[in-house]
Amino acid sequence: VLMVARPWNWDLWYVAANFGWRAVVAIVTSTLVYYIVFRTEFRVLATRPPVADVEEPDEDARGPALSPVPAWLVAIHVAFMAWTVFNAHYPALFLGGFLLFLGVARATASYQTRIELKTPLLVGFFLAGLVIHGGLQGWWIAPVLGRLRELPLFVGATLLTAVNDNALITYLATLVPNLAGPLKLAVVQGAVVGGGLTVIANAPNPAGQALLGRFFGGTILPLRLLAAAFVPTLVAALVFRLL
């Protein structure tokens, strides 16, 4: 949605009215379905002793363990997050705030866990590549999308998102001149619906894999992920197209 909000002049209220509440309905419905299906497994998991997360301090920390985090440092972190959100479209302010945050994190290393930059940087380079190289694909994507009607466009965006990042699908849609309003909604709905089918289908998915991979033996099997995402994708498709 962020890739099309500015080119198509979509504000927060428009996105909430056309996507937000439908996404909430789809998420709640899918979660309830999976809770009912796996309720026995959840009971078994509840009997297992919890595995504590090992929090390693930053390399510049003085001791081997983290010091208790003071309230003022929590407030500083919240302020940096707010600064990043409000200045996301202003690279100079965004990067300046990020560099300042790295300095604060280094200065307060005794209270900080290690900052892992590899995964978010890879995701950032991935999105940058989409913007740089995606613009060169307008010569063929614009005629194709321009010929499709609403439902085929929705289905096509959903299927393409499984093998492409959804930001790429929506970005390429902005290259189509004079795309009608219902067609704009259809392509973005398809991109949102198919965003969980594979790891590459959505930019935050690789970050989620990095966080949860240790619970799956370090790897997540792509075919099983595709199968597990099928039902939530079907639920989301029905919600977005029927409600």
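**Close-up 1. H8 passes H10 in a right-handed crossing.** Right-handed means that the near helix is turned clockwise from the far one by less than a right angle. Helices are DSSP runs (H or I, at least four residues), numbered from the N terminus. The model is predicted: local features need pLDDT of at least 70, side-chain atom pairs count only at pLDDT 80 or more, and totals for chains, interfaces and linings use all residues. Residues are numbered from 1 along each chain, and side-chain values use heavy atoms, without hydrogens and water. The axes of H8 and H10 lie 7 Å apart, at about 30 degrees. H8 and H10 are therefore roughly parallel (angles under 35 degrees). The residues of their contact (heavy atoms within 4.5 Å) divide into 9 nonpolar, 4 polar and 1 charged. Among those of H8 are Leu153 and Phe154, and H10 residues include Val187 and Val193.

**Close-up 2. H2 and H12 also meet in a right-handed crossing.** Their axes are 9 Å apart, at an angle of about 140 degrees. That makes H2 oblique to H12. Phe19, Ala23 and Val33 are among the H2 residues here, and Val231, Val235 and Phe240 among those of H12. This contact divides into 13 nonpolar residues, 3 polar and 1 charged.

**Close-up 3. The largest nonpolar core holds 26 residues.** Trp8, Trp10, Phe19, Leu153, Val187, Val188 and Val193 touch the most other members. H1, H2, H8, H9, H10 and H12 each supply at least two core residues. H10 gives the most, with 6. Beyond its neighbours within four places in sequence, Trp8 contacts Ala173, Thr174, Leu179, Lys184, Val187 and Val188.

How values were computed. Core = buried A, V, L, I, M, F, W, Y, C linked by side-chain atoms within 4.5 Å. Buried < 20%, exposed > 50% of the residue type's maximum accessible area, 1.4 Å probe, protein only. Axes fitted to C-alpha atoms, helices over the stretch in contact; angles between N-to-C directions. Parallel < 35°, antiparallel > 145°, perpendicular 65-115°, else oblique. Nonpolar A, V, L, I, M, F, W, Y, C, P; charged D, E, K, R; others polar.
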